[in-house]
Structures are given as C-alpha cells and as structure tokens.
Amino acid sequence: MIRAILFFVKLALLVAVAVWLVEHPGMVRVDWQGYRLETSFGILVLMLLALAVLLYVLVRFYGSILKAPFAFLNARQERKRRQGYLVLTQGMVAVAAGDPDEAKRLARKADSLLDDPPLTMLLSAQAAQLNGDEAAAERYFTAMLKRPETEFLGLRGLLTAAVRKQDSAKALTLVKRAHEIKPQTDWVLRTLFDLQVKEARWNEALATVQEMAQTKLLSAETANRHRAALQTERTREEVAKGDTGEALDRAKRALGHKADFVPAALEKARLLIEAGKHKRAAKLIESVWAVRPHPDLVPLYERCWPGESALQRMRRFQHLASLNPDAVDSRIAVAGAALEAQLWGEARGHLDKAMAAGASARAYRLMASVVESEYGDAVKTRDWLTKAAAAPADPAWICGNCGAQAERWHAVCGNCGAFDSQDWRTPPRAETDAVPALDARADARADARAGTGQTQRPPQPPVILPPAAQPAVAEATPPRPD
Ligand SMILES: [Zn+2]
C-alpha cells in the first residue's frame, strides 16, 4: 500500500516536472572549441540523465571485473573448507567404526583441506591411536597442549594413555593440569580422586572428596563414608610413624564423619587403651557395639578392664551384650567371656541361642572349645568341629566390587583396587570353601587375645585336655538343662 502511494507520488512529481518543462521551454546554447550545441532545456535534462545512467552502468561493470578474481578464490576456498569438514566428519565416523586405515587416510586429507589444526590434530591423534601408533598419538596430543583451545583435549588423550600404561605418577600430573583448567568436570574429579587414592595421597584425596561433594558428584552420605575411610588410613599412617597424638586426632575425625565406622573405632579404641584411657575406650566400643557389633571389638573390650577377674569381665561383657541383645555377636561375645570364667552352662546357653539365630562357624568352634573344656570329650568336640565346617562361613571384609575377602579392612581393595568397597558381611555360599583361610584368621585373632596377657582361654581345639586337667570349678557350673 505504502509502496503504491510512493509510486504515485513519484509519478506525479515526474509529470509535474515534464509539464513544467513543456510550459517553460527555454533554449540552451553551448559554444565550445568551435562547436555549437543548441537545444531546448528539456532535451538537455534528458541527455544529462541518460549520461548519468550510462556512467553508473560503466562503473558497476568495471567494479565486477576488478572483483572477479577474488570472488573466484573465495568460492574455491569455501568449496575446499566444505569438503574439508565433510572429510573430517567421515574421518570421525571411521574412528567410531574402528577402521584405522580409512581414519588415517581421511585425517591426512582433512589436514590438507582444512586450515584448522585443533580439529584435524584430534582426528590425526585418534587415527594414530586406532592404528596402535601410541608414539604418534602422543605427539599429536602433546602438540595440542600448546594451544589453549585444544589443551584440555590433549591432556585427556595423554591421560588416557598414561592410565592405560598404569603410569599413575604421570597420569596424576596430567589430571592435575586438567583440573586447573576445568576444576568442576566430572571425569576430571573422578580420575583425580582415583589416582590420589591409588598413590595413597590420603590428604589430597580428602580435598577432592570435598570438591566432589560440592559439585554433587557424591551424595553427602557417600562423601562422609569416603572421608571416614581416608581418615582411617591417615590414622594408620600416623600410627606407623609413631605419632599417636595425630593418629588419635585422625581417628576422631574419621568417627566424626561416620560414628559407627568400625575400622576407625578399632584404631581409636586401640590407641586409647595404649594411652591408658581404658574407660574412654570402653565407652567408644559400647557406643559402636550398640549399632554395629564386630568380633574385632571383643579383644579390645577385654583389654579395657585390666586386672579384673574372668568373672568380672564376664559381667562387663553381659553389659556390652545388653546394648545390642539380639545380635549374634553379642551372644558369642558373652559365651567367650563365660568360657574364660569357666561358666560352661552360661556359655552353652548363649551359643545355643546364637546358633538358632543362624550363627557362623565361629559359634560352633567356640562350642567345641566349651565341650572340650567342660568334659574333655574328644568325640563330642570333634562333632562340633565337623558342624563348624558345615556351618555358614564367618563374616569377613568383602569387596563389593570383586568379591575378594580380606582379613583386615583397607580403604583400597588389595585385589581390584576399588576404593571404600569393603563391607563386613558373610561371604556368598560359593566362597565358603575358603574355610581354612578364615580359620587361620580366627586362630590369629585368638593368638592376639592370648597375647594381651589378660585371658585364660583354654587351648583351642583340636588340642584335647585329659579329664584330670579339668578345672575344679566345674562343679560350680549349673548343670545343663538337657
Ligand atoms: Zn576388590
């Protein structure tokens, strides 16, 4: 509409000018170098207009002739660039398809077509990797480190190679550099943490856990468990160095992150006992026992009451068991103390209940000791040992990642290297053939208890005492209900 109005306005103006020129014809005369031009004013205006149009056309034509070579070059470059990107894409597809020769060929072609080293270097490096040419791949990745836009990609390539070669020290250096560039990237934080743990850099790993928790890579619960595990390893490190003050502080921090973390509680209780703080150790063991009873706490609890008689210690264990009365470990702990106090009926009663609740082989072996100590009956003792062999395997520290069993808790699985993967639980049935190893551990534990000098545990089966060696207190024991 507006365009139509404008057209009519222009047309009207043109008509007005034409009418004005017709109404005011006038003559123009030009004398120049002996030439004379005489014409009406209207014709002159028309001539001038025609001249202007001609000049305009000439200038445009000349300009396009001048620009022609540049336009041609531009079009060629654009075609080359498009072809380069196409080849690059095909190269990426070849990498994804695992075609090393095609990838290498296309990488070279893309490199010649594209003036974009960051993109072609990555393809060249990947093609070299695919060809098994690690040295060439490393060269490309190292070259990528020199450009800020490709540094991170280059680091990732070199890091992957270092991890594959199990060069943890080099991998750690590379991942730290990647962490400086992009500190919140998931894989950077995870790799950094894995390598720190592998290199036993517990303090650095603690800082990384903090970052992982901040970026929500770890839930608050997992982060706290990881912290407890790391601080427990730090505790052991300080114990090995002989700095018991620092060790105690670390164990305290571990329990601050997870109050029922048994490995930390064991370390702290041991340190407190060695420092003569028996009451504090007993309190700690009692608080952990209430939620997570563990057989390794038993010998430590015994050491909390130096100078007390076996009967007094038995009362202590009854108190400990009362904090978690339904736990099988509570029954077994009291039974062990009762056996030491030669209260065989009491010991048998607790063991019967433990077995009814599905106790493991440990309870059956203890029953063999009770029977052997009470009656000196080799046949009955062997019966119980046979039952022990058929009973469910004793719980152990089992890696949730690879299923390996460990005698002692470690933050890193000695078999598969997984972090914080060990839980105290009963091994799956298929693994219960490993009874000798578990027995050996139980024996070692019994030796440890004997080593404290505070136990009068009778010799472990299968050593059978002659009837004469039976303690005279036997009569004081209430008769068996059956
Ligand atoms: Zn494992």
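Which helices do the buried residues of α15 pack against?

## About the model

This is a predicted model, in which local features need pLDDT of at least 70, side-chain atom pairs count only at pLDDT 80 or more, and totals for chains, interfaces and linings use all residues. Residues are numbered from 1 along each chain as its sequence is written, and side-chain values use heavy atoms, with hydrogens and water left out.

## Helix α15 and its neighbours

The buried residues of α15 pack against α13 (278–291), α14 (297–303), α16 (328–340) and α17 (344–356). Contact here means heavy atoms within 4.5 Å. Helices (H or I, at least four residues) and strands (E, at least two) are DSSP runs, numbered from the N terminus.

Helix α15 covers residues 310–322, 13 residues in total, and reaches 18 Å from its first C-alpha to its last, close to the 18 Å expected at 1.5 Å a residue. That expected span is 1.5 Å times one less than the number of residues. In α15, A310, R313, M314, F317, L320 and A321 are buried. They cover an arc of only 115° around the axis, so they sit on the same side of α15. The arc is taken from the directions from the helix axis to the C-beta atoms. As for the exposure terms, buried means under 20% relative accessible area, exposed over 50%, and partly exposed in between (1.4 Å probe, protein chains only).

## Helix α3

Helix α3 (residues 100–113) has 14 residues, which should span 20 Å at 1.5 Å a residue; its end C-alpha atoms are 20 Å apart, in agreement. Its buried residues are A103, L106, A107, A110 and L113. They cover an arc of only 130° around the axis, which puts them on the same side of α3. On the other side of α3, D101 and R108 are exposed. The packing partners of the buried residues of α3 are α2 (41–97) and α4 (117–130).

## The zinc site

Four cysteine SG atoms, from C399, C402, C413 and C416, coordinate the zinc ion at 2.2 to 2.3 Å. Donors are N, O and S atoms within 2.8 Å of the metal (3.2 Å for Na, K and Ca); water is not among the atoms, so sites may look incomplete. Along the chain, the donors of the zinc ion follow the spacing C-x2-C-x10-C-x2-C. C402 lies in the loop between β3 (396–399) and β4 (405–406), and C413 in the loop between β4 and β5 (422–425), so this pair ties together parts that are 11 residues apart in sequence.

The angles among the 4 donor atoms are 107 to 111°, and the site is tetrahedral. For reference, the ideal angle for four tetrahedral donors is 109.5 degrees. C402 is partly exposed, at 32% relative accessibility, whereas C413 is buried, at 4%.

## Strands and one buried histidine

An open sheet of 3 strands has the order β4-β3-β5 with antiparallel pairing, and its edge strands are β4 and β5, each pairing on one side only. Two strands pair if DSSP finds at least two bridges between them. β3 and β4 pair over 2 bridges, and W397 stands opposite A406 in β4. Elsewhere, β1 (residues 27–32) and β2 (residues 35–40) pair in the antiparallel sense over 6 bridges. They form a hairpin with 2 residues between them, and Q33 in the turn has a positive phi of about 55°.

H226, in helix α10 (residues 220–241), is buried with a relative accessible area of 10%. Not counting residues up to four places away in sequence, H226 touches F193, V209, L218, F419 and D420.

Technical notes:
Four donors count as tetrahedral if all angles lie between 85 and 135 degrees; four count as square planar and six as octahedral if opposite donors are over 155 degrees apart and all others between 65 and 115; anything else is irregular.
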